[in-house]
Amino acid sequence: MPALIRENRNFRLLLSGAGLANLSDGIGVLAFPWLATLITTDPRALALVAFATRLPWFLWSLPVGVLTDRADRQRMMVRADLARMALALAVVALILSGPGDGAIAWQIAGLSALAFLMGTAEVFRDNAAQTALPTVVSKDRLEEANGQIWSVEQVMGQFVGPPLAGVLIAVAVPAPFIFEALGFALAAWAVWAIAFPAREVAMQRDSFWRELRAGWTWIRQHRVILQLALILGGLNAAHMAGFTVLVLYSQEVLGLDAIGHGLLLTAGAAGGVAGGLLCPALARRLGAERALWIALALMPVPFIGLYLFSSVPLALMLLFLETFVAVLWNVVTVSYRQRAIPDALLGRVNSIYRFFGWGMMPIGALAGGWIMALAEPSLGREDALRLVFLVGAGALVALFLYGLARLRLPKA
């Protein structure tokens, strides 16, 4: 057992909460889009559900950052997980309500609304969790802590969650959402049990806009972190464009059912587990800057492979690679931010970072569905679907070239 887990009860509980919450997230990663495809296979409707899931990162990242620095971070995480538990049960109610007049439009609208609210709670939970980590472990162990958290999150969120969701859907469509609700309830309990130390820096209240401006002034003066946020925005937009149509790629190109699609996502989780275990040491050996260049260089490869080929074994390897290099990027950049940003500003600066980095995800989700829908009449359905991956690969190549030319990491 790694020393950090063995020696630190608070970190064990935080890690357990992250694992349980991400198990529920992983169930939702498969269950939400698969439920949408049971309603309709229109890529624009699927893009709407994906857009609603990620839109809260664009809308709420900035105000949530101010609230995270003001509020009790533990209480914020607990309440967010309990809210997601209730929303998962609301999805069950939506399924059991059955079809009616205008069933497709009504169910897609309802599913999108619940996805939006679920994503809103996720913004609160994730921002509070990431800003709380440096109060639980010492700064010289942040890479180790982040690596362990990423490993657990990938195991539970993609290695266990999606295939479990596939099996549960095969049993009954509402079943994965019931299990999702249970996972969020247990995650709330784990976080509630943490004995957080007192905040070292008490934040003096000011007006909301002055507090937000203080975070913006800090990130603008530390242009490397702002640059990382903008690059992350492009990466996440490209990823979401591909992920939005991946469920159709699984069904229509690879011929997979829900269980098979879950196993496909599990391959990505295996890459995340390997990344969480190996990337901290890899980043130390390569150096943070070179590690980021290598991650950027490899990111287009999975999209190019999905565009060119129709092989299940190859798709498994490509998704493994995609998540591995994403974890390499995250271990370096998250640890760098946690060291560089003062605790009193960490929530606000993280929220601004995620506004740029995660706020592009809903745009990418819409782009994926609409690229396919617009290209389908002239290219045919399969070629239009593959085109999304080609466009995403082109965007990732451009980001690699930019990072190679401009990305320089000073010591935090």
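By salt bridge I mean a side-chain nitrogen of Lys or Arg within 4 Å of a carboxyl oxygen of Asp or Glu. Glu376 has a relative accessibility of 24%, so this residue counts as partly exposed. In these terms, buried means under 20% relative accessible area, exposed means over 50%, and partly exposed lies in between, with a 1.4 Å probe and protein chains only.

Before I continue, a word on the source. This is a predicted model, in which local features need pLDDT of at least 70 and side-chain atom pairs count only at pLDDT 80 or more, while totals for chains, interfaces and linings use all residues. Residues are numbered from 1 along each chain as its sequence is written, and side-chain values use heavy atoms, with hydrogens and water left out.

Let me stay with Arg381. The side chain of Arg381 also meets Glu252 in a salt bridge, at 2.6 Å from N to O. Arg381 lies in helix α16 (residues 381-406) and Glu252 in helix α9 (residues 223-253), so this pair ties together parts 129 residues apart in sequence. Helices here are DSSP runs of H or I with at least four residues, strands are runs of E with at least two, and both are numbered from the N terminus. Arg381 counts as partly exposed because its relative accessibility is 24%. Glu252 is likewise partly exposed, with a value of 35%. Glu252 also gives a distance in the other sense: its C-alpha atom and that of Ala274, 22 residues apart along the chain, are separated by 29 Å.

I turn now to the other salt bridges. How many salt bridges does the rule give? The count comes to eight. One of them joins Asp81 and Arg125, whose closest N and O atoms are 3.1 Å apart. This pair links distant parts of the chain, with Asp81 in helix α4 (residues 73-97) and Arg125 in helix α5 (residues 103-136), 44 residues apart. Are these two residues buried or exposed? Asp81 has a relative accessible area of 0% and is therefore buried. Arg125, at 3%, counts as buried too.

Next, the packing of two helices. Helix α2 (residues 9-39) and α10 pack with their axes 11 Å apart, at an angle of about 140 degrees. The axes are lines fitted to C-alpha atoms, for helices over the stretch in contact, and the angles run from 0 to 180 degrees between N-to-C directions. α2 and α10 are therefore oblique to each other. For reference, angles under 35 degrees count as roughly parallel, over 145 as roughly antiparallel, 65 to 115 as roughly perpendicular, and the rest as oblique. In the crossing itself, α2 passes α10 in a right-handed sense, that is, with the near helix turned clockwise from the far one by less than a right angle.

Together with α6 (142-171), α10 supplies at least two residues of a nonpolar patch. Which residues make this patch? Val167, Val171, Ile259 and Leu263 do, over about 350 Å². Patches are built from residues with over 30% relative accessible area and no salt bridge, joining like charges within 9 Å and nonpolar side chains (Val, Leu, Ile, Met, Phe, Trp, Tyr) within 5 Å. The areas come from the Shrake-Rupley method with a 1.4 Å probe, and for residues only the protein chains shown count as cover. Val171, which is placed in helix α6, has 66% relative accessibility and so counts as exposed.

Pro33 is found in helix α2 and is partly exposed because its relative accessibility is 21%. Asp42 lies in the loop between α2 and α3 (43-70), and at 26% relative accessibility Asp42 counts as partly exposed. From Asp42 to Gly369 the sequence separation is 327 residues and the C-alpha distance 8.5 Å. Ala113, in helix α5, is partly exposed with a relative accessible area of 39%. Ala113 and Val49 are 64 residues apart in sequence and 8.3 Å apart from C-alpha to C-alpha.
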